[in-house]
Amino acid sequence: MLRAILSTLLRPNVALATGLVVLSGLSFGTMPFFTKRLADSGMPAYAIEIYRYGLTALILFPVLLANIREKAAIAWGLSAGFVMGFGWFGYVWALEEAPVASVSLLYMSYPAFTVLMGWGFFGDKPPKAAAFAAVLVLLGSALALSPSQFQAGHVPVLLASLSAPLGFGFMINVLIHKVGHLPPLARIASIALGAVLGLSPLAIFSDPQLMVPQTENGWWLVAGIALITALLPQLLFYTYAPHIGAARTSMAASVELPTNFIVGWIAFSEAIGGGLWAACLLILAAILITPANPHPKHARTDAPPDR
């Protein structure tokens, strides 16, 4: 039985791979809880991101060394992590100033960035269904946010937060098109290490006290952001994304949006209304209509193509 389960996980069909990417999106969606509380305690954005990716990079570094011959793929992974790390810097900064809902709205534009970057830079022309699904995600994001939550003072940080969907969209395309042939743990290690290296100079020249949690609860938050929002969901995301392609990956992970809103509602008492449920329906529809387009290495030859 265990052998059958392992075989299924190693050679998943489209439905299983999509479901596991969805599960990673739910876990990623808890990030505002840890991020906002650490930021409120005085920890700077770059320190939060180094803690988030540092544990993953440290644990998996030996795996990266074992695959050191794949220099081109590792370089792509490092570059994707570098770009994504600075993108999350803008996201964390925005969470310090603006409501979770406002930041999440702009972040959820990443499926559109993923499709456009894949088409423009990697020659991955999206099918019409994928383009339409990206529009559905954007409409869902818009419905989930009340206009009253925007304030004039939030505009600069909200614009800065667009660096996160840009960076994440780039990372998804690199994951699918450039590092998909690496073992899953090596993919994770290269991207996590790239994020840490990109942010390290900021940490080196900062006040050392800002880099260390000042309370026991702060250390629990650091552990949570490293494990729950990074290592564990990355294992799922980077392992199974190549099985379904960039377009469906970005849509499946979009469940992060309703998770963000629920976190904002429960943890930070942010208002939540019927728009969220409409957004959930639109995102679910986007996941269902997005065709799979797996990396050739991961395409199943024993199953009919997903349509």
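Modeller: Here is the chain, and we can go through the labels one at a time. This is a predicted model, where local features need pLDDT of at least 70, side-chain atom pairs count only at pLDDT 80 or more, and totals for chains, interfaces and linings use all residues. Residues are numbered from 1 along each chain as its sequence is written, and side-chain values use heavy atoms, with hydrogens and water left out.

Colleague: Fine. How many helices and strands does the protein chain come to?

Modeller: It comes to 15 helices and 0 strands. Those are DSSP runs numbered from the N terminus: helices are H or I with at least four residues, strands are E with at least two.

Colleague: What makes Phe 28 and Phe 237 an aromatic pair, and what kind is it?

Modeller: Rings of Phe, Tyr and Trp (its six-membered ring) pair if their centres lie within 6.5 Å; planes under 30 degrees apart are stacked, over 60 edge-to-face, and the rest tilted. By this rule there are 10 aromatic pairs. Phe 28 and Phe 237 have 6.0 Å centre to centre and 75° between the planes, giving an edge-to-face pair. Phe 28 lies in helix H2 (residues 14-28) and Phe 237 in helix H12 (residues 216-240), so the pair ties together parts 209 residues apart in sequence.

Colleague: Why do Phe 28 and Phe 237 count as buried?

Modeller: Buried means under 20% relative accessible area, exposed over 50%, and partly exposed in between (1.4 Å probe, protein chains only). Phe 28 has 8% relative accessibility, so it counts as buried, and Phe 237, at 1%, does too.

Colleague: And what kind of pair do Trp 88 and Tyr 91 form?

Modeller: Edge-to-face, with 4.7 Å centre to centre and 85° between the planes. Both lie in helix H5 (residues 71-97), 3 residues apart, about one turn of the helix. Trp 88 is buried because its relative accessibility is 4%, and Tyr 91 is buried because its value is 1%. Trp 88 and Tyr 91 also belong to one aromatic cluster with Phe 28, Tyr 107, Phe 168 and Phe 237.

Colleague: How do you know that Arg 52 lies over the face of Trp 88?

Modeller: A charge sits over a ring if NZ of Lys or CZ of Arg is within 6 Å of the ring centre and within 35 degrees of the ring normal. Arg 52 is at 5.0 Å from the ring centre of Trp 88. Likewise, the charged end of Lys 36 sits over the ring of Phe 268, 5.9 Å from its centre.

Colleague: Which residues touch the most other members of the largest nonpolar core?

Modeller: Tyr 91, Met 171 and Phe 237, out of 83 residues. Helix H11 (residues 184-204) gives the largest share of this core, 10 residues. A nonpolar core here is a set of buried Ala, Val, Leu, Ile, Met, Phe, Trp, Tyr and Cys residues joined through side-chain atoms within 4.5 Å.

Colleague: What is Tyr 91 in contact with, leaving aside neighbours within four places in sequence?

Modeller: Contact means heavy atoms within 4.5 Å, and the partners of Tyr 91 include Met 31, Pro 32, Tyr 107 and Asn 260.

Colleague: Last one: why is Ser 269 called exposed?

Modeller: Its relative accessibility is 65%, so Ser 269 counts as exposed. Ser 269 lies in the loop between helix H14 (256-268) and helix H15 (274-289), and its phi is near 55°, a positive value in a residue other than glycine.
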